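Here are my notes on this one, as promised. Have the model open while you read, and go through the points in order.

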Amino acid sequence: MSDEYGSDFMTIVDEDGTEFELEVLTTLEYNGATYLAVTPATDDEAEELEVSILKSVGEADGEPILCAIEDEEELETVYGLIMEQLYEEENDEE
């Protein structure tokens, strides 16, 4: 994972000013853009893991500006690549 985004946890703020604590599962560089696979940071590991993919679209005050991917084809491609990367990392740990 890139050190550019700091630790494995991050806080993001939406347009309404609501803060969300997220765990960064992995990052991916693809076609000149950076993508992050994130999940809500919770202590409850029993619940099903909800993974979101965000795209870094620039920086403001040294922090990445992240947005949802609206292009369905781009999202499917990046999702597939990230899932491959996560499974490779999991297999490497075993």
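1. A quick definition before anything else: two strands count as paired if DSSP finds at least two bridges between them. Keep in mind too that this is a predicted model. With that settled, β4 (residues 52-60) and β5 (residues 63-68) are an antiparallel pair, joined over 5 bridges.

2. The turn between those two strands is worth a look. The hairpin of β4 and β5 has 2 residues between the strands, and Asp-61 there takes a positive phi near 55 degrees. On the β5 side, Glu-63 is the bridge partner of Ala-60, and Pro-64 is the bridge partner of Glu-59.

3. Now zoom out to the whole chain. You'll find 1 helix and 5 strands, and along the sequence they run β-β-β-β-β-α. The strands form an open sheet in the order β1-β2-β3-β4-β5, with antiparallel pairing. On average, neighbouring strands are turned by 50 degrees against each other, ignoring direction.

4. Where does α1 pack? The helix sits on the sheet and touches β2 (19-30), β3 and β4. Its direction makes about 90 degrees with that of β2.

5. On to the inside. The largest nonpolar core has 9 residues: Leu-28, Ala-33, Tyr-35, Ala-37, Ile-53, Ile-69, Val-78, Ile-82 and Met-83. Two elements give two or more residues to this core, namely β3 (33-40) and α1 (72-93). There is also a second, separate core of 6 residues, with Leu-22, Val-24, Val-38 and Leu-54 among them. As background, nonpolar side chains in soluble globular proteins tend to be buried together.

6. Leaving out residues up to four places away in sequence, Ile-53 touches Tyr-35, Leu-36, Ala-68, Ile-69, Leu-75, Val-78, Tyr-79 and Ile-82. With that exclusion again, the list for Leu-54 is Leu-22, Thr-34, Tyr-35, Leu-36, Val-38, Leu-66, Cys-67 and Ala-68. Ile-53 belongs to the 9-residue core, while Leu-54 belongs to the separate one. A general point to hold beside this: side chains in a regular strand alternate between the two faces of the sheet.

7. Is Leu-54 buried or exposed? Its relative accessible area is 13%, so this residue is buried, the cut-off being under 20%. Leu-54 lies in strand β4. Its C-alpha is 9.4 Å from that of Leu-75, a residue 21 places away along the chain.

8. What about charged pairs? A search of the whole structure turns up 1 salt bridge. The side chains involved are those of Lys-55 and Glu-74, at 3.0 Å from N to O. Lys-55 is in strand β4 and Glu-74 in helix α1, so the pair ties together parts 19 residues apart in sequence. Lys-55 has 22% relative accessibility and therefore counts as partly exposed.

9. Finally, some totals for your notebook. Of the chain's 94 residues, 23% count as buried. The accessible surface comes to about 6800 Å², and 42% of that belongs to carbon and sulfur atoms. Among contacts between residues at least 6 apart in sequence, 31% join residues at least 24 apart.

Definitions and conventions:
Residues are numbered from 1 along each chain as its sequence is written. This is a predicted model: local features need pLDDT of at least 70, side-chain atom pairs count only at pLDDT 80 or more; totals for chains, interfaces and linings use all residues. Side-chain values use heavy atoms; hydrogens and water are left out. Helices (H or I, at least four residues) and strands (E, at least two) are DSSP runs, numbered from the N terminus. A nonpolar core is a set of buried Ala, Val, Leu, Ile, Met, Phe, Trp, Tyr and Cys residues joined through side-chain atoms within 4.5 Å. Buried means under 20% relative accessible area, exposed over 50%, partly exposed in between (1.4 Å probe, protein chains only). Contact means heavy atoms within 4.5 Å. Accessible areas come from the Shrake-Rupley method with a 1.4 Å probe; for residues, only the protein chains shown count as cover. Axes are lines fitted to C-alpha atoms, for helices over the stretch in contact, and angles run from 0 to 180 degrees between N-to-C directions. A salt bridge is a side-chain nitrogen of Lys or Arg within 4 Å of a carboxyl oxygen of Asp or Glu.
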